[in-house]
Amino acid sequence: MTAHHEQVADNSRGATADWQARKAVSRLVLGQMATQALGTALRLGVFDRIGTGELRAEALAGSLGTHPRATLRLLRALAGLQLLSEPEPGAFRTTAAGDVLRADAPGTMVAMARMFTDPVMLRGWDLLDESVRTGETTFDTVFGTDFFGHLREHPELSPAFNEAMSQGTRLTAETVPHHYDFGRFQRLVDIGGGDGTLLASILRAHQEPRGVLFDTAEGLAQAPRRLAREGLDGRVTLETGDFFASAPAGGDLYLLKSIIHDWDDARCAVILRHIRDVIPDHGSLLIVEPVLPATVPADRPDNVYLSDLNMLVNVGGRERTADDFAALCTAGGFALRNVTPLPAPNTFQIAEASPA
């Protein structure tokens, strides 16, 4: 190869790398538009209307009462996001990703997707720069109360939030029971366990223990139906309460799944101390959350870091490293024993602690 040809090849590689970098930045710049397109499609019921077959844009517009040309443009944007395909001009099908955005699909994510594309979740992000400057949430600034206070003031949002949390828990709930020896315990207490998605999965896999599901009245609202559907209502006791005030006594294993990241260190220590007050010396505490590495690996999924910013903006909590969890456990009267990653693609880990 001549020097000239080598230079041309180098320039070509440089141009390709530059194009890939610019494409990556463009994807991020347009990310909010993608979120709004998805949120609109979910609120209109686009994926449910298309269903498992094929539907033309004009027919969809007619059933939705929307503008035909604007509807076509939305559908093509969704196809560009790989949520739909367009096998022939104006006709659309859902892709594998679009399938999980139907309410009737196995493993549906529609409640989770609707929650995280809802203005209630997004408006605080408009003031992210303020959160970065001050370290404070912006949800309170926008809505005049904290996130969970807003849910209490708008009870119609609670079922949607509970279902979103349940859908977000399912992959982890399917995995956790097979990566820890729950069978050696007699009574599992799931603190803030919502509708019981995680606890039910554990009890199905391990026949020996019984369970206690502890949450607010709003948090437990969907639990009786789920437990009855799973045939577990006879093995689980529901207890209504506030984990900032107390924890149920009588358990030998206490679970905290996606609770700690909602709160700052001081409030997390309060939760842990209430558990420490009632847990026996031979008992164990499991914290199931993402655990951040000390530095960001090149191949780390970005979702966990975006979740960290979401905690900052909307609720005032954060994602934590193993050292952070060790310090929290110490403050709450526990000693962190080990941290066990769940198999990929799950980003959650099981942090096990003992009473100190």
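Helices (H or I, at least four residues) and strands (E, at least two) are DSSP runs, numbered from the N terminus. With that in hand, welcome to this predicted model, where local features need pLDDT of at least 70, side-chain atom pairs count only at pLDDT 80 or more, and totals for chains, interfaces and linings use all residues. Residues are numbered from 1 along each chain as its sequence is written, and side-chain values use heavy atoms, with hydrogens and water left out.

**The chain as a whole**

- The secondary structure comes to 17 helices and 11 strands.
- Taken along the principal axes, the C-alpha atoms fill a box of roughly 70 × 60 × 45 Å.
- Of the 356 residues in the chain, 45% are buried; buried means under 20% relative accessible area, exposed over 50%, and partly exposed in between, with a 1.4 Å probe and protein chains only.
- Among contacts (heavy atoms within 4.5 Å) with a separation of 6 or more, 64% join residues 24 or more positions apart.

**Nonpolar cores**

- In soluble globular proteins, nonpolar side chains tend to be buried together.
- A nonpolar core here is a set of buried Ala, Val, Leu, Ile, Met, Phe, Trp, Tyr and Cys residues joined through side-chain atoms within 4.5 Å.
- The largest such core has 38 residues, and Phe147, Ile191, Leu256, Ile275 and Leu285 have the most contacts inside it.
- Helix 15 gives the most to this core, with 4 residues.
- Apart from it lies another core, of 24 residues, including Val176, Leu286, Val288 and Leu342.
- Not counting residues up to four places away in sequence, Ile191 touches Phe214, Phe243, Ala247, Pro248, Tyr254, Leu255, Leu256, Ile259 and Ile275.

- Two packed helices are described by the angle between their axes and the distance between the axes.
- Axes are lines fitted to C-alpha atoms, for helices over the stretch in contact, and angles run from 0 to 180 degrees between N-to-C directions.
- Helix 15 (residues 265–278) packs against helix 17 (residues 322–331) at an angle of about 55 degrees, with the axes 8 Å apart.
- That angle makes helix 15 oblique to helix 17; under 35 degrees counts as roughly parallel, over 145 as roughly antiparallel, 65 to 115 as roughly perpendicular and the rest as oblique.
- The crossing of helix 15 and helix 17 is right-handed, a term used if the near helix is turned clockwise from the far one by less than a right angle, with left-handed for anticlockwise.
- Helix 15 makes the contact through Asp265, Cys268, Ala269, Leu272 and Arg273, while helix 17 brings Leu328, Cys329 and Ala331.
- By class, the residues of the contact of helix 15 with helix 17 are 6 nonpolar, no polar and 2 charged; Ala, Val, Leu, Ile, Met, Phe, Trp, Tyr, Cys and Pro count as nonpolar, Asp, Glu, Lys and Arg as charged, and the others, Gly among them, as polar.

**Helix 4 against helix 5**

- The axes of helix 4 (residues 57–64) and helix 5 cross at roughly 115 degrees and come within 9 Å.
- Helix 4 passes helix 5 in a right-handed crossing.
- Ala57, Leu60 and Ala61 of helix 4 meet Pro68, Thr71, Leu72 and Leu75 of helix 5.
- The contact of helix 4 with helix 5 has 6 nonpolar residues, 1 polar and no charged ones.

**Positive phi outside glycine**

- Gln82 is found in the loop between helix 5 (68–80) and strand 2 (84–88), and its phi is near 65 degrees, a positive value in a residue other than glycine.
- Gln82 counts as exposed because its relative accessibility is 60%.
- Ser258 lies in the loop between strand 7 (253–257) and helix 15, with a positive phi of about 55 degrees although it is not a glycine.
- Ser258 counts as buried, at 18% relative accessibility.

**Other buried residues to look up**

- Leu151 sits in helix 11 (residues 147–153) and is buried, with a relative accessible area of 8%.
- Leaving aside neighbours within four places in sequence, Leu151 is in contact with Leu157, Ser158 and Phe161.
- Gln167, in helix 12 (residues 158–175), counts as buried at 9% relative accessibility.
- Not counting residues up to four places away in sequence, Gln167 touches Thr108, Met109, Val110, Ala111 and Met112.
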